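Biologist: Please take a close look at the aromatic ring pairs in this structure. Which rings pair, and how are the planes set?

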Amino acid sequence: MAARGVGLLTHLPLRAQRSQGLRPSLRLLSCPGTVAADVRKEEQSSGSAETGSEDKTPKKRFSEVQKERREQAQRSVLIHFPNKISEKKFLKYLSQHGPVNNHFFYESFGLYAVVEFCQKESVASLQSVTRTPSLGTEAAIPFRSRCFHLKLKNASNQTAEQSCISRSNQSPPSSKKLFELLCDAESIDDQLNTLLKEFQLTEENTKLRYFTSSLIEDIAAAYFPDCAVRPFGSSVNGFGKLGCDLDMFLDLDEIGKFSDHKTLGNFLMEFQVKNVPSERIATQKILSVIGECLDHFGPGCVGVQKILNARCPLVRFSHQASGFQCDLTTNNRIALKSSELLYIYGALDSRVRALVFSIRCWARAHSLTSSIPGAWITNFSLTMMVIFFLQRRSPPILPTLDYLKSLADAEDKCVIEGHNCTFVCDLNRIKPSGNTETLELLLKEFFEYFGNFAFNKNSINIRQGREQNKPEPSPLHIQNPFETSLNISKNVSQSQLQKFVDLARESAWILHQEVNDHPSPSNKLWGLAALLLPSVAKNVSQAKRKKKKPASERVKNLLESIKSSSSTENSTNTNGTRTVTTQA
Ligand code: GTP
Ligand code: MG
(Lines give C-alpha, C1' and ligand atoms only; values in the text may rest on other atoms or scores of the structure.)
(Ligands and ions follow the chains in the order given, each with its own letter.)
Protein backbone atom coordinates (compact mmCIF):
# COMPACT_ATOMS: atom_id res chain seq x y z
CA MET A 1 0.00 0.00 0.00
CA ALA A 2 2.67 2.50 0.96
CA ALA A 3 5.20 3.75 -1.54
CA ARG A 4 8.52 2.04 -1.21
CA GLY A 5 10.60 5.10 -1.69
CA VAL A 6 11.21 8.40 -3.31
CA GLY A 7 12.62 8.60 -6.79
CA LEU A 8 15.22 10.30 -8.85
CA LEU A 9 14.20 13.90 -8.31
CA THR A 10 14.68 13.68 -4.61
CA HIS A 11 18.39 13.31 -5.14
CA LEU A 12 18.79 16.33 -7.42
CA PRO A 13 19.81 19.68 -5.95
CA LEU A 14 17.05 22.30 -6.09
CA ARG A 15 18.94 24.48 -8.59
CA ALA A 16 19.45 21.51 -10.91
CA GLN A 17 15.72 20.79 -10.84
CA ARG A 18 14.97 24.41 -11.75
CA SER A 19 17.47 24.42 -14.59
CA GLN A 20 15.70 21.39 -16.01
CA GLY A 21 12.47 23.39 -16.10
CA LEU A 22 10.85 21.19 -13.53
CA ARG A 23 8.76 22.38 -10.66
CA PRO A 24 11.28 21.75 -7.90
CA SER A 25 10.13 18.84 -5.86
CA LEU A 26 9.65 19.47 -2.17
CA ARG A 27 9.74 15.75 -1.74
CA LEU A 28 13.31 16.47 -0.93
CA LEU A 29 12.18 19.05 1.55
CA SER A 30 9.49 17.09 3.29
CA CYS A 31 11.61 14.49 4.99
CA PRO A 32 11.82 14.95 8.73
CA GLY A 33 15.26 15.95 9.83
CA THR A 34 16.24 17.77 6.62
CA VAL A 35 17.24 21.43 6.60
CA ALA A 36 13.97 22.30 4.92
CA ALA A 37 11.96 20.47 7.53
CA ASP A 38 13.76 22.53 10.15
CA VAL A 39 13.07 25.75 8.23
CA ARG A 40 9.43 24.82 7.98
CA LYS A 41 9.35 24.13 11.69
CA GLU A 42 10.85 27.51 12.40
CA GLU A 43 8.11 29.03 10.26
CA GLN A 44 5.44 27.26 12.25
CA SER A 45 3.96 29.36 14.96
CA SER A 46 4.63 28.45 18.52
CA GLY A 47 0.94 29.11 18.98
CA SER A 48 0.05 25.69 17.73
CA ALA A 49 2.02 23.31 19.82
CA GLU A 50 5.10 25.07 21.12
CA THR A 51 6.94 21.83 21.10
CA GLY A 52 10.21 23.13 19.73
CA SER A 53 12.34 21.60 17.03
CA GLU A 54 11.40 18.11 15.92
CA ASP A 55 14.74 16.47 16.54
CA LYS A 56 16.76 18.59 18.96
CA THR A 57 14.80 20.68 21.44
CA PRO A 58 12.87 18.69 24.04
CA LYS A 59 9.18 18.96 23.30
CA LYS A 60 6.93 20.36 25.99
CA ARG A 61 4.23 18.24 27.53
CA PHE A 62 0.67 19.33 26.93
CA SER A 63 0.16 19.95 30.66
CA GLU A 64 3.23 22.22 30.74
CA VAL A 65 1.98 24.28 27.81
CA GLN A 66 -1.48 24.56 29.40
CA LYS A 67 -0.05 25.65 32.75
CA GLU A 68 2.28 28.22 31.21
CA ARG A 69 -0.41 29.69 28.95
CA ARG A 70 -2.96 29.84 31.75
CA GLU A 71 -0.54 31.64 33.99
CA GLN A 72 0.35 34.13 31.21
CA ALA A 73 -3.36 34.75 30.64
CA GLN A 74 -3.97 35.52 34.32
CA ARG A 75 -1.31 38.25 34.17
CA SER A 76 -2.90 39.81 31.07
CA VAL A 77 -5.46 42.53 30.41
CA LEU A 78 -7.42 43.59 27.34
CA ILE A 79 -7.63 47.26 26.48
CA HIS A 80 -9.87 48.88 23.89
CA PHE A 81 -8.56 52.09 22.36
CA PRO A 82 -9.62 55.11 20.53
CA ASN A 83 -8.07 55.01 17.05
CA LYS A 84 -5.41 57.56 17.91
CA ILE A 85 -2.79 56.25 20.26
CA SER A 86 0.93 56.46 20.78
CA GLU A 87 2.25 52.98 21.54
CA LYS A 88 5.22 54.37 23.45
CA LYS A 89 3.13 56.61 25.70
CA PHE A 90 0.61 53.83 26.21
CA LEU A 91 3.27 51.38 27.42
CA LYS A 92 4.84 54.02 29.63
CA TYR A 93 1.46 54.72 31.17
CA LEU A 94 0.86 51.02 31.87
CA SER A 95 4.31 50.43 33.30
CA GLN A 96 3.29 52.57 36.31
CA HIS A 97 1.58 49.37 37.44
CA GLY A 98 4.58 47.13 36.88
CA PRO A 99 6.77 45.88 34.04
CA VAL A 100 5.07 44.67 30.86
CA ASN A 101 6.25 41.29 29.59
CA ASN A 102 4.78 41.58 26.12
CA HIS A 103 1.81 43.03 24.23
CA PHE A 104 0.15 42.97 20.86
CA PHE A 105 -2.52 44.92 19.02
CA TYR A 106 -5.36 43.63 16.88
CA GLU A 107 -8.61 44.83 15.34
CA SER A 108 -12.08 43.52 16.09
CA PHE A 109 -14.82 46.18 16.11
CA GLY A 110 -12.11 48.67 17.05
CA LEU A 111 -8.49 48.57 18.11
CA TYR A 112 -7.48 46.34 21.03
CA ALA A 113 -4.30 45.50 22.89
CA VAL A 114 -3.58 42.42 24.96
CA VAL A 115 -0.98 43.36 27.54
CA GLU A 116 0.80 40.74 29.60
CA PHE A 117 2.35 42.08 32.78
CA CYS A 118 5.29 40.34 34.41
CA GLN A 119 3.38 40.08 37.69
CA LYS A 120 -0.22 39.36 38.51
CA GLU A 121 -0.27 42.19 41.07
CA SER A 122 0.00 44.72 38.23
CA VAL A 123 -3.50 43.75 37.09
CA ALA A 124 -4.93 44.52 40.53
CA SER A 125 -3.01 47.79 40.58
CA LEU A 126 -4.50 48.83 37.21
CA GLN A 127 -7.98 47.81 38.37
CA SER A 128 -7.59 49.90 41.52
CA VAL A 129 -7.18 53.12 39.52
CA THR A 130 -9.89 52.31 36.98
CA ARG A 131 -13.30 53.92 37.28
CA THR A 132 -16.72 52.62 36.28
CA PRO A 133 -18.04 54.81 33.44
CA SER A 134 -21.05 57.00 33.85
CA LEU A 135 -23.19 56.47 30.78
CA GLY A 136 -25.63 59.35 30.89
CA THR A 137 -29.08 57.97 30.15
CA GLU A 138 -28.06 54.28 30.45
CA ALA A 139 -26.98 52.51 33.63
CA ALA A 140 -23.74 50.52 33.96
CA ILE A 141 -23.40 47.29 35.90
CA PRO A 142 -20.25 47.94 37.94
CA PHE A 143 -18.47 44.68 37.15
CA ARG A 144 -14.69 44.90 37.54
CA SER A 145 -13.19 42.68 34.87
CA ARG A 146 -9.79 42.65 33.12
CA CYS A 147 -11.28 44.35 30.04
CA PHE A 148 -10.71 48.09 29.93
CA HIS A 149 -11.51 51.01 27.75
CA LEU A 150 -8.80 53.66 27.39
CA LYS A 151 -9.83 57.26 26.83
CA LEU A 152 -7.50 60.06 25.80
CA LYS A 153 -7.44 63.22 27.85
CA ASN A 154 -5.76 65.07 25.00
CA ALA A 155 -6.15 63.40 21.59
CA SER A 156 -4.33 65.99 19.46
CA ASN A 157 -0.73 65.26 20.53
CA GLN A 158 -1.02 61.48 19.90
CA THR A 159 -1.90 61.56 16.20
CA ALA A 160 1.59 61.61 14.75
CA GLU A 161 2.76 58.38 16.38
CA GLN A 162 -0.32 56.20 16.08
CA SER A 163 0.33 55.01 12.54
CA CYS A 164 3.32 52.95 13.74
CA ILE A 165 1.14 50.44 15.56
CA SER A 166 1.32 47.08 13.85
CA ARG A 167 -1.74 44.91 14.17
CA SER A 168 -1.61 41.17 14.56
CA ASN A 169 -3.72 39.31 12.02
CA GLN A 170 -6.51 37.22 13.52
CA SER A 171 -8.19 36.01 10.31
CA PRO A 172 -7.42 33.34 7.74
CA PRO A 173 -6.53 34.46 4.18
CA SER A 174 -9.33 35.16 1.69
CA SER A 175 -10.05 32.42 -0.88
CA LYS A 176 -8.50 34.60 -3.58
CA LYS A 177 -5.30 35.07 -1.60
CA LEU A 178 -5.16 31.38 -0.74
CA PHE A 179 -5.51 30.30 -4.37
CA GLU A 180 -2.78 32.76 -5.37
CA LEU A 181 -0.44 31.42 -2.71
CA LEU A 182 -1.16 27.82 -3.64
CA CYS A 183 -0.61 28.44 -7.33
CA ASP A 184 2.69 30.17 -6.60
CA ALA A 185 3.92 27.20 -4.59
CA GLU A 186 6.63 25.02 -6.03
CA SER A 187 5.14 21.61 -5.40
CA ILE A 188 2.17 19.92 -3.79
CA ASP A 189 4.20 19.44 -0.61
CA ASP A 190 4.89 23.14 -0.62
CA GLN A 191 1.16 23.81 -1.10
CA LEU A 192 0.21 21.76 1.96
CA ASN A 193 2.82 23.50 4.07
CA THR A 194 1.70 26.91 2.77
CA LEU A 195 -1.89 26.17 3.69
CA LEU A 196 -0.80 25.12 7.19
CA LYS A 197 1.24 28.27 7.63
CA GLU A 198 -1.63 30.53 6.53
CA PHE A 199 -4.39 28.86 8.55
CA GLN A 200 -2.77 27.72 11.78
CA LEU A 201 -3.39 29.72 14.93
CA THR A 202 -0.82 32.43 15.43
CA GLU A 203 0.97 32.92 18.73
CA GLU A 204 -1.22 35.99 19.38
CA ASN A 205 -4.45 34.21 18.50
CA THR A 206 -3.53 31.38 20.87
CA LYS A 207 -2.80 33.88 23.63
CA LEU A 208 -6.16 35.53 23.02
CA ARG A 209 -7.89 32.14 23.36
CA TYR A 210 -6.29 31.40 26.73
CA PHE A 211 -6.95 34.97 27.82
CA THR A 212 -10.65 34.74 26.91
CA SER A 213 -10.93 31.49 28.88
CA SER A 214 -9.37 33.16 31.90
CA LEU A 215 -11.88 36.06 31.65
CA ILE A 216 -14.71 33.52 31.79
CA GLU A 217 -12.95 31.90 34.74
CA ASP A 218 -13.04 35.25 36.58
CA ILE A 219 -16.83 35.30 36.19
CA ALA A 220 -17.32 31.67 37.24
CA ALA A 221 -14.97 32.26 40.20
CA ALA A 222 -17.59 34.54 41.73
CA TYR A 223 -19.47 31.32 42.59
CA PHE A 224 -16.66 28.75 42.57
CA PRO A 225 -13.47 30.52 43.73
CA ASP A 226 -11.18 27.56 43.03
CA CYS A 227 -12.58 26.65 39.62
CA ALA A 228 -10.64 26.71 36.37
CA VAL A 229 -12.00 27.39 32.90
CA ARG A 230 -9.88 25.37 30.50
CA PRO A 231 -9.79 25.67 26.73
CA PHE A 232 -9.82 22.37 24.83
CA GLY A 233 -10.47 21.13 21.28
CA SER A 234 -8.81 22.74 18.29
CA SER A 235 -7.84 25.91 20.21
CA VAL A 236 -5.21 23.87 22.05
CA ASN A 237 -4.64 20.58 20.20
CA GLY A 238 -2.53 21.98 17.34
CA PHE A 239 -5.24 21.53 14.71
CA GLY A 240 -7.04 24.87 15.14
CA LYS A 241 -7.61 27.07 12.11
CA LEU A 242 -7.81 30.85 12.46
CA GLY A 243 -11.49 31.55 13.04
CA CYS A 244 -12.30 28.22 14.75
CA ASP A 245 -14.57 28.21 17.79
CA LEU A 246 -13.29 28.37 21.36
CA ASP A 247 -14.30 25.29 23.36
CA MET A 248 -13.94 25.65 27.13
CA PHE A 249 -15.02 23.72 30.13
CA LEU A 250 -15.59 24.71 33.71
CA ASP A 251 -13.34 22.47 35.78
CA LEU A 252 -14.66 22.09 39.31
CA ASP A 253 -12.33 19.20 40.17
CA GLU A 254 -9.79 21.58 41.69
CA ILE A 255 -12.32 22.36 44.40
CA GLY A 256 -12.36 18.74 45.60
CA LYS A 257 -8.57 18.73 45.97
CA PHE A 258 -8.69 20.51 49.32
CA SER A 259 -10.69 17.69 50.87
CA ASP A 260 -7.46 15.85 51.78
CA HIS A 261 -6.52 18.53 54.30
CA LYS A 262 -9.93 18.36 55.90
CA THR A 263 -9.63 14.68 56.72
CA LEU A 264 -6.79 15.28 59.22
CA GLY A 265 -7.45 14.40 62.85
CA ASN A 266 -10.51 12.67 64.21
CA PHE A 267 -13.03 14.78 62.40
CA LEU A 268 -14.18 14.90 58.82
CA MET A 269 -15.47 18.26 57.74
CA GLU A 270 -17.80 18.55 54.73
CA PHE A 271 -19.57 21.47 53.12
CA GLN A 272 -23.28 21.58 53.39
CA VAL A 273 -24.43 21.35 49.82
CA LYS A 274 -27.63 21.20 47.86
CA ASN A 275 -28.41 17.75 46.48
CA VAL A 276 -29.92 17.24 43.05
CA PRO A 277 -31.11 13.96 41.49
CA SER A 278 -28.26 13.51 38.97
CA GLU A 279 -24.90 14.76 37.74
CA ARG A 280 -26.61 15.99 34.59
CA ILE A 281 -29.04 18.15 36.57
CA ALA A 282 -26.15 19.55 38.62
CA THR A 283 -24.38 20.44 35.36
CA GLN A 284 -27.51 22.09 33.97
CA LYS A 285 -28.00 24.16 37.12
CA ILE A 286 -24.38 25.34 37.19
CA LEU A 287 -24.31 26.21 33.50
CA SER A 288 -27.63 27.96 33.75
CA VAL A 289 -26.30 30.33 36.42
CA ILE A 290 -22.97 30.92 34.64
CA GLY A 291 -24.92 31.59 31.43
CA GLU A 292 -26.99 34.23 33.25
CA CYS A 293 -23.82 35.84 34.63
CA LEU A 294 -22.19 35.96 31.20
CA ASP A 295 -25.33 37.49 29.77
CA HIS A 296 -25.78 40.10 32.49
CA PHE A 297 -22.23 40.95 33.57
CA GLY A 298 -19.75 39.61 31.04
CA PRO A 299 -18.24 42.53 29.11
CA GLY A 300 -18.58 41.78 25.39
CA CYS A 301 -20.40 38.47 25.91
CA VAL A 302 -23.35 38.62 23.51
CA GLY A 303 -25.91 36.22 22.05
CA VAL A 304 -25.78 33.96 25.11
CA GLN A 305 -27.71 30.73 24.50
CA LYS A 306 -28.20 28.09 27.18
CA ILE A 307 -28.36 24.75 25.38
CA LEU A 308 -28.97 22.65 28.47
CA ASN A 309 -30.93 19.76 26.99
CA ALA A 310 -28.15 18.72 24.59
CA ARG A 311 -26.35 15.38 25.19
CA CYS A 312 -23.52 17.52 26.54
CA PRO A 313 -25.19 20.64 28.05
CA LEU A 314 -23.46 23.89 27.10
CA VAL A 315 -23.65 27.66 27.05
CA ARG A 316 -22.88 29.21 23.66
CA PHE A 317 -22.05 32.88 23.20
CA SER A 318 -19.98 35.30 21.14
CA HIS A 319 -17.15 37.15 22.77
CA GLN A 320 -17.12 40.44 20.91
CA ALA A 321 -13.69 41.72 21.85
CA SER A 322 -11.89 38.57 20.72
CA GLY A 323 -14.33 37.73 17.93
CA PHE A 324 -14.57 34.11 19.18
CA GLN A 325 -17.65 31.95 19.06
CA CYS A 326 -17.49 30.23 22.45
CA ASP A 327 -18.91 26.96 23.81
CA LEU A 328 -18.74 26.45 27.57
CA THR A 329 -19.39 23.04 29.12
CA THR A 330 -18.54 21.60 32.53
CA ASN A 331 -16.32 18.76 33.76
CA ASN A 332 -15.27 17.69 30.29
CA ARG A 333 -11.97 16.11 31.30
CA ILE A 334 -12.19 13.34 28.72
CA ALA A 335 -12.38 15.93 25.94
CA LEU A 336 -9.29 17.61 27.40
CA LYS A 337 -7.53 14.25 27.37
CA SER A 338 -8.57 13.83 23.69
CA SER A 339 -7.05 17.25 23.03
CA GLU A 340 -3.82 16.12 24.68
CA LEU A 341 -3.75 12.98 22.57
CA LEU A 342 -4.24 14.98 19.36
CA TYR A 343 -1.58 17.45 20.50
CA ILE A 344 0.87 14.55 20.84
CA TYR A 345 -0.05 13.10 17.45
CA GLY A 346 0.25 16.55 15.82
CA ALA A 347 3.64 17.20 17.39
CA LEU A 348 5.18 13.80 16.62
CA ASP A 349 5.69 14.35 12.91
CA SER A 350 5.56 17.59 10.94
CA ARG A 351 3.47 15.98 8.18
CA VAL A 352 0.51 15.28 10.44
CA ARG A 353 -0.74 18.82 10.89
CA ALA A 354 -0.07 19.73 7.25
CA LEU A 355 -2.19 16.81 6.09
CA VAL A 356 -4.98 17.39 8.61
CA PHE A 357 -5.24 21.09 7.74
CA SER A 358 -5.49 20.34 4.03
CA ILE A 359 -8.10 17.61 4.52
CA ARG A 360 -10.12 19.90 6.80
CA CYS A 361 -9.96 22.74 4.23
CA TRP A 362 -10.85 20.33 1.44
CA ALA A 363 -13.86 19.07 3.41
CA ARG A 364 -14.99 22.61 4.18
CA ALA A 365 -14.59 23.72 0.55
CA HIS A 366 -16.95 20.94 -0.53
CA SER A 367 -19.43 21.48 2.32
CA LEU A 368 -18.64 18.09 3.82
CA THR A 369 -18.28 19.88 7.16
CA SER A 370 -20.35 22.74 8.51
CA SER A 371 -20.41 25.04 11.49
CA ILE A 372 -24.05 24.02 12.01
CA PRO A 373 -24.58 20.68 13.79
CA GLY A 374 -26.13 18.04 11.54
CA ALA A 375 -25.54 14.80 9.66
CA TRP A 376 -22.10 15.89 8.43
CA ILE A 377 -18.65 14.68 9.31
CA THR A 378 -16.97 16.83 11.98
CA ASN A 379 -13.42 18.12 11.95
CA PHE A 380 -12.74 15.92 14.97
CA SER A 381 -13.78 12.81 13.00
CA LEU A 382 -11.70 13.89 9.99
CA THR A 383 -8.66 14.28 12.23
CA MET A 384 -9.21 10.77 13.59
CA MET A 385 -9.41 9.46 10.02
CA VAL A 386 -6.09 11.08 9.12
CA ILE A 387 -4.44 9.69 12.27
CA PHE A 388 -5.78 6.23 11.49
CA PHE A 389 -4.56 6.48 7.89
CA LEU A 390 -1.08 7.50 9.10
CA GLN A 391 -1.05 4.55 11.51
CA ARG A 392 -1.72 2.28 8.51
CA ARG A 393 1.29 3.40 6.45
CA SER A 394 4.25 1.14 6.06
CA PRO A 395 6.25 1.84 8.13
CA PRO A 396 3.63 3.62 10.26
CA ILE A 397 3.96 7.39 10.57
CA LEU A 398 2.01 7.46 13.83
CA PRO A 399 1.89 4.89 16.65
CA THR A 400 -1.33 3.34 17.91
CA LEU A 401 -2.94 4.55 21.11
CA ASP A 402 -2.30 1.12 22.66
CA TYR A 403 1.41 1.60 21.95
CA LEU A 404 1.33 5.05 23.59
CA LYS A 405 -0.38 3.40 26.57
CA SER A 406 2.37 0.78 26.77
CA LEU A 407 4.97 3.58 27.11
CA ALA A 408 3.12 5.21 30.02
CA ASP A 409 4.63 5.25 33.49
CA ALA A 410 2.96 5.58 36.89
CA GLU A 411 2.55 9.36 36.72
CA ASP A 412 0.81 9.10 33.32
CA LYS A 413 -1.94 6.90 34.75
CA CYS A 414 -5.29 8.52 34.14
CA VAL A 415 -8.77 7.12 34.70
CA ILE A 416 -11.69 9.48 34.10
CA GLU A 417 -15.23 8.42 34.98
CA GLY A 418 -14.15 4.79 34.86
CA HIS A 419 -12.49 5.13 31.42
CA ASN A 420 -8.83 4.35 31.09
CA CYS A 421 -7.29 7.39 29.43
CA THR A 422 -3.67 6.44 30.12
CA PHE A 423 -0.96 7.15 27.55
CA VAL A 424 2.57 8.49 27.65
CA CYS A 425 2.55 12.26 28.20
CA ASP A 426 6.23 12.90 27.53
CA LEU A 427 6.54 13.20 23.74
CA ASN A 428 10.29 12.82 23.92
CA ARG A 429 9.89 9.18 24.87
CA ILE A 430 8.16 8.32 21.59
CA LYS A 431 10.50 7.17 18.83
CA PRO A 432 10.08 9.14 15.57
CA SER A 433 8.86 7.24 12.51
CA GLY A 434 11.33 6.09 9.88
CA ASN A 435 8.73 6.69 7.16
CA THR A 436 9.83 9.37 4.64
CA GLU A 437 6.79 9.53 2.36
CA THR A 438 5.99 12.88 0.81
CA LEU A 439 2.91 14.92 1.62
CA GLU A 440 1.88 14.69 -2.03
CA LEU A 441 1.87 10.92 -1.86
CA LEU A 442 0.11 10.87 1.50
CA LEU A 443 -2.61 13.22 0.28
CA LYS A 444 -3.27 11.10 -2.79
CA GLU A 445 -3.21 7.87 -0.86
CA PHE A 446 -5.51 9.28 1.83
CA PHE A 447 -8.14 9.88 -0.82
CA GLU A 448 -7.57 6.45 -2.35
CA TYR A 449 -7.64 4.73 1.01
CA PHE A 450 -10.93 6.25 2.12
CA GLY A 451 -12.34 6.23 -1.41
CA ASN A 452 -12.16 2.44 -1.16
CA PHE A 453 -12.65 1.84 2.56
CA ALA A 454 -15.24 -0.80 3.51
CA PHE A 455 -17.31 1.62 5.59
CA ASN A 456 -20.25 -0.81 5.43
CA LYS A 457 -18.50 -3.39 7.60
CA ASN A 458 -15.44 -1.79 9.19
CA SER A 459 -14.87 0.59 12.06
CA ILE A 460 -11.95 3.04 12.37
CA ASN A 461 -10.03 2.45 15.55
CA ILE A 462 -6.96 4.51 16.44
CA ARG A 463 -6.46 2.58 19.67
CA GLN A 464 -5.43 -0.52 17.76
CA GLY A 465 -4.57 1.12 14.45
CA ARG A 466 -6.54 -1.38 12.42
CA GLU A 467 -10.00 -1.84 11.01
CA GLN A 468 -12.46 -3.72 13.15
CA ASN A 469 -15.93 -5.08 12.53
CA LYS A 470 -18.52 -2.39 13.14
CA PRO A 471 -20.31 -3.05 16.44
CA GLU A 472 -23.42 -1.14 15.29
CA PRO A 473 -24.92 -0.23 11.93
CA SER A 474 -24.15 3.54 11.72
CA PRO A 475 -22.91 4.41 8.20
CA LEU A 476 -19.60 5.74 9.60
CA HIS A 477 -18.11 4.19 12.72
CA ILE A 478 -15.10 5.83 14.38
CA GLN A 479 -14.46 4.45 17.83
CA ASN A 480 -14.17 7.03 20.58
CA PRO A 481 -10.56 6.50 21.76
CA PHE A 482 -11.41 6.61 25.46
CA GLU A 483 -15.12 5.85 25.77
CA THR A 484 -14.63 2.86 23.53
CA SER A 485 -18.28 1.83 23.33
CA LEU A 486 -19.11 5.16 21.65
CA ASN A 487 -19.00 6.15 18.00
CA ILE A 488 -17.79 9.74 17.49
CA SER A 489 -19.42 9.90 14.05
CA LYS A 490 -22.82 8.45 14.92
CA ASN A 491 -24.44 11.58 13.49
CA VAL A 492 -23.14 11.02 9.94
CA SER A 493 -25.82 9.97 7.44
CA GLN A 494 -25.34 7.50 4.58
CA SER A 495 -25.71 10.28 2.01
CA GLN A 496 -23.05 12.44 3.68
CA LEU A 497 -20.71 9.47 3.85
CA GLN A 498 -21.35 8.72 0.16
CA LYS A 499 -20.59 12.35 -0.70
CA PHE A 500 -17.29 12.03 1.18
CA VAL A 501 -16.42 8.82 -0.68
CA ASP A 502 -17.33 10.32 -4.09
CA LEU A 503 -15.23 13.40 -3.44
CA ALA A 504 -12.30 11.36 -2.12
CA ARG A 505 -12.26 9.25 -5.30
CA GLU A 506 -12.62 12.30 -7.53
CA SER A 507 -9.77 14.04 -5.69
CA ALA A 508 -7.51 10.98 -5.95
CA TRP A 509 -8.22 11.00 -9.67
CA ILE A 510 -7.34 14.70 -10.00
CA LEU A 511 -4.03 14.11 -8.23
CA HIS A 512 -3.25 11.17 -10.51
CA GLN A 513 -3.87 13.39 -13.51
CA GLU A 514 -1.63 16.08 -11.98
CA VAL A 515 1.28 13.69 -11.92
CA ASN A 516 0.79 12.84 -15.59
CA ASP A 517 0.24 16.50 -16.57
CA HIS A 518 3.54 17.64 -15.13
CA PRO A 519 4.68 20.41 -15.32
CA SER A 520 1.40 22.34 -15.14
CA PRO A 521 1.01 25.62 -17.02
CA SER A 522 1.66 28.42 -14.56
CA ASN A 523 -1.79 30.05 -14.93
CA LYS A 524 -3.72 26.86 -14.10
CA LEU A 525 -5.11 25.95 -10.71
CA TRP A 526 -3.11 22.86 -9.91
CA GLY A 527 -2.50 20.37 -7.12
CA LEU A 528 -4.18 21.24 -3.84
CA ALA A 529 -5.73 24.39 -5.40
CA ALA A 530 -7.57 22.20 -7.92
CA LEU A 531 -8.86 20.00 -5.10
CA LEU A 532 -10.26 22.95 -3.18
CA LEU A 533 -12.36 24.09 -6.14
CA PRO A 534 -16.05 23.34 -5.68
CA SER A 535 -16.12 22.09 -9.30
CA VAL A 536 -15.04 18.66 -8.06
CA ALA A 537 -18.35 18.37 -6.25
CA LYS A 538 -20.20 19.69 -9.28
CA ASN A 539 -18.73 16.95 -11.46
CA VAL A 540 -20.01 14.36 -9.06
CA SER A 541 -23.53 15.76 -8.88
CA GLN A 542 -23.68 16.35 -12.66
CA ALA A 543 -22.76 12.75 -13.31
CA LYS A 544 -25.49 11.67 -10.94
CA ARG A 545 -28.04 13.92 -12.65
CA LYS A 546 -27.19 12.44 -16.05
CA LYS A 547 -27.77 8.99 -14.56
CA LYS A 548 -24.45 7.84 -15.90
CA LYS A 549 -22.43 5.25 -14.11
CA PRO A 550 -21.61 7.17 -10.86
CA ALA A 551 -18.46 9.28 -11.06
CA SER A 552 -17.07 7.49 -8.04
CA GLU A 553 -17.36 4.12 -9.78
CA ARG A 554 -15.68 5.43 -12.92
CA VAL A 555 -12.90 6.98 -10.89
CA LYS A 556 -12.49 3.82 -8.83
CA ASN A 557 -12.13 1.72 -11.97
CA LEU A 558 -9.68 4.19 -13.50
CA LEU A 559 -7.61 4.28 -10.35
CA GLU A 560 -7.50 0.52 -10.24
CA SER A 561 -6.36 0.32 -13.85
CA ILE A 562 -3.65 2.93 -13.18
CA LYS A 563 -2.54 1.08 -10.07
CA SER A 564 -2.17 -2.24 -11.84
CA SER A 565 -0.19 -0.70 -14.69
CA SER A 566 1.99 1.48 -12.46
CA SER A 567 2.96 -1.46 -10.28
CA THR A 568 5.01 -2.72 -13.20
CA GLU A 569 6.53 0.71 -13.96
CA ASN A 570 9.81 2.06 -12.74
CA SER A 571 9.49 4.89 -10.23
CA THR A 572 10.54 7.44 -12.87
CA ASN A 573 8.98 7.78 -16.28
CA THR A 574 10.54 9.02 -19.49
CA ASN A 575 10.43 12.73 -18.67
CA GLY A 576 11.76 12.05 -15.18
CA THR A 577 8.85 13.70 -13.43
CA ARG A 578 7.27 10.68 -11.79
CA THR A 579 9.06 10.18 -8.55
CA VAL A 580 6.97 7.76 -6.56
CA THR A 581 5.13 4.58 -7.18
CA THR A 582 1.66 4.06 -5.78
CA GLN A 583 2.26 0.48 -4.81
CA ALA A 584 3.62 -0.92 -1.64
P1 GTP B 1 -13.18 22.67 15.22
O2 GTP B 1 -14.11 22.21 14.17
O3 GTP B 1 -11.98 23.37 14.69
O4 GTP B 1 -13.88 23.42 16.30
O5 GTP B 1 -12.58 21.31 15.84
P6 GTP B 1 -12.68 20.76 17.33
O7 GTP B 1 -11.72 19.61 17.44
O8 GTP B 1 -12.53 21.86 18.32
O9 GTP B 1 -14.14 20.16 17.37
P10 GTP B 1 -15.41 20.59 18.20
O11 GTP B 1 -15.42 22.05 18.49
O12 GTP B 1 -16.57 20.02 17.47
O13 GTP B 1 -15.25 19.76 19.53
C14 GTP B 1 -14.33 20.12 20.54
C15 GTP B 1 -13.71 18.89 21.15
O16 GTP B 1 -14.75 18.09 21.73
C17 GTP B 1 -13.01 17.96 20.17
O18 GTP B 1 -11.68 18.33 19.90
C19 GTP B 1 -13.09 16.64 20.90
O20 GTP B 1 -12.10 16.56 21.89
C21 GTP B 1 -14.44 16.73 21.56
N22 GTP B 1 -15.48 16.13 20.70
C23 GTP B 1 -16.10 16.68 19.65
N24 GTP B 1 -16.98 15.84 19.12
C25 GTP B 1 -16.92 14.72 19.86
C26 GTP B 1 -17.60 13.49 19.82
O27 GTP B 1 -18.46 13.21 18.99
N28 GTP B 1 -17.27 12.60 20.77
C29 GTP B 1 -16.34 12.86 21.71
N30 GTP B 1 -16.05 11.95 22.61
N31 GTP B 1 -15.67 14.00 21.77
C32 GTP B 1 -15.96 14.93 20.87
MG1 MG C 1 -13.89 23.49 18.40
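Aromatic pairs

Modeller: Both Phe423 and Phe482 are buried (under 20% relative accessible area, with exposed over 50% and partly exposed in between, 1.4 Å probe, protein chains only). The model is predicted, so local features need pLDDT of at least 70 and side-chain atom pairs count only at pLDDT 80 or more, while totals for chains, interfaces and linings use all residues. Side-chain values use heavy atoms, without hydrogens and water; residues are numbered from 1 along each chain as its sequence is written, and chains are lettered from A and ligands numbered from 1 in the order in which they are written.

Phe423 and Phe482 form a stacked aromatic pair, 6.0 Å centre to centre with 20 degrees between the planes. Rings of Phe, Tyr and Trp (its six-membered ring) pair if their centres lie within 6.5 Å; planes under 30 degrees apart count as stacked, over 60 as edge-to-face and the rest as tilted. Phe423 lies in the loop between strand E11 (419-420) and helix H18 (439-451), and Phe482 in the loop between strand E13 (468-469) and helix H19 (494-517), so the pair ties together parts that are 59 residues apart in sequence. Helices (H or I, at least four residues) and strands (E, at least two) are DSSP runs, numbered from the N terminus. Lys337 lies over the face of Phe423, 4.6 Å from the ring centre (NZ of Lys or CZ of Arg within 6 Å of the centre and within 35 degrees of the ring normal).

Phe450 and Phe453 form a tilted pair, at 5.6 Å and 45 degrees. Phe450 is buried at 0% relative accessibility, and Phe453 is buried at 10%.
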